Amino acid sequence: MKKTPYQQEHEDISAIIAEAKVRKGWGDKDIGRILGVTACTVSKKRTGKVLPEIPFCKVAILADAAGYDIKFVKREMYR
């Protein structure tokens with residue numbers, strides 16, 4: 001079954017959370033502070049139990065800490 005872009009984005013964010021934990025040695029509470037959510041929410045997000053709305057700017061900060069570059073690529077628009 002093909003994933004929706006929404007599902008894929010949430011999986012990607014979960015992977016970024018996991019990587020930040022490893023690279024920085026952060027716990028769920030530390031990541032929660034960056035994302036503006038509770039440690040419990042981070043844990044549930046990481047394990048795929050919930051899909052909280054997280055602002056892009058917060059994800060960008062976390063991605064940077066985890067060693068990711070964010071690149072915007074303009075795609076072709078079809079009519």
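**View A. D28 sits in helix 2**. Helices (H or I, at least four residues) and strands (E, at least two) are DSSP runs, numbered from the N terminus. The model is predicted: local features need pLDDT of at least 70, side-chain atom pairs count only at pLDDT 80 or more, and totals for chains, interfaces and linings use all residues. Residues are numbered from 1 along each chain as its sequence is written, and side-chain values use heavy atoms, with hydrogens and water left out. The relative accessible area of D28 is 14%, so this residue is buried. Buried means under 20% relative accessible area, exposed over 50%, and partly exposed in between (1.4 Å probe, protein chains only). Apart from its neighbours within four places in sequence, D28 is in contact with K21, A39, V42, S43 and R46; contact means heavy atoms within 4.5 Å. From D28 to D64 the sequence runs 36 residues, and their C-alpha atoms are 17 Å apart in space.

View B. Read from the N terminus, its elements follow the order α-α-α-α. The C-alpha trace spans about 45 × 25 × 20 Å along its principal axes. The protein chain has 79 residues, and 24% of them count as buried. Among contacts in the chain with a separation of 6 or more, 56% join residues 24 or more positions apart.

**View C. Helix 1 (residues 5–24) packs with helix 3 (residues 39–46)**. The angle between the two helices is about 115°, and their axes are 9 Å apart. Axes are lines fitted to C-alpha atoms, for helices over the stretch in contact, and angles run from 0 to 180 degrees between N-to-C directions. The crossing of helix 1 past helix 3 is left-handed. A crossing is left-handed if the near helix is turned anticlockwise from the far one by less than a right angle, and right-handed if clockwise. Helix 1 brings H10, I13, S14, I17, A18 and K21 to this contact, and helix 3 brings V42, K45 and R46. Four of the contact residues are nonpolar, two polar and three charged. Ala, Val, Leu, Ile, Met, Phe, Trp, Tyr, Cys and Pro count as nonpolar, Asp, Glu, Lys and Arg as charged, and the others, Gly among them, as polar.

**View D. Helix 4 (residues 56–65) has the buried residues V59, L62, A63 and A65**. These residues lie on the same side of helix 4 because they cover an arc of only 160° around the axis. The arc is that of the directions from the helix axis to the C-beta atoms. Helix 1 and helix 2 (28–35) are included in what covers the buried residues of helix 4. On the face turned away from the buried side, helix 4 carries the exposed residues I61 and D64. G67 follows helix 4 and has a positive phi, near 95°.

**View E. C57 is located in helix 4**. C57 is partly exposed, since its relative accessible area is 48%. K21 and C57 are separated by 36 residues in sequence and by 19 Å in space, C-alpha to C-alpha.

**View F. I34 belongs to helix 2**. Leaving aside neighbours within four places in sequence, I34 is in contact with W26, K58, I61 and L62. The C-alpha atom of I34 is 22 Å from that of F72, which is 38 residues away along the chain.

**View G. T47 lies in the loop between helix 3 and helix 4**. At 45% relative accessibility, T47 is partly exposed. T47 and E11 are 36 residues apart along the chain, and 9.6 Å separates their C-alpha atoms.
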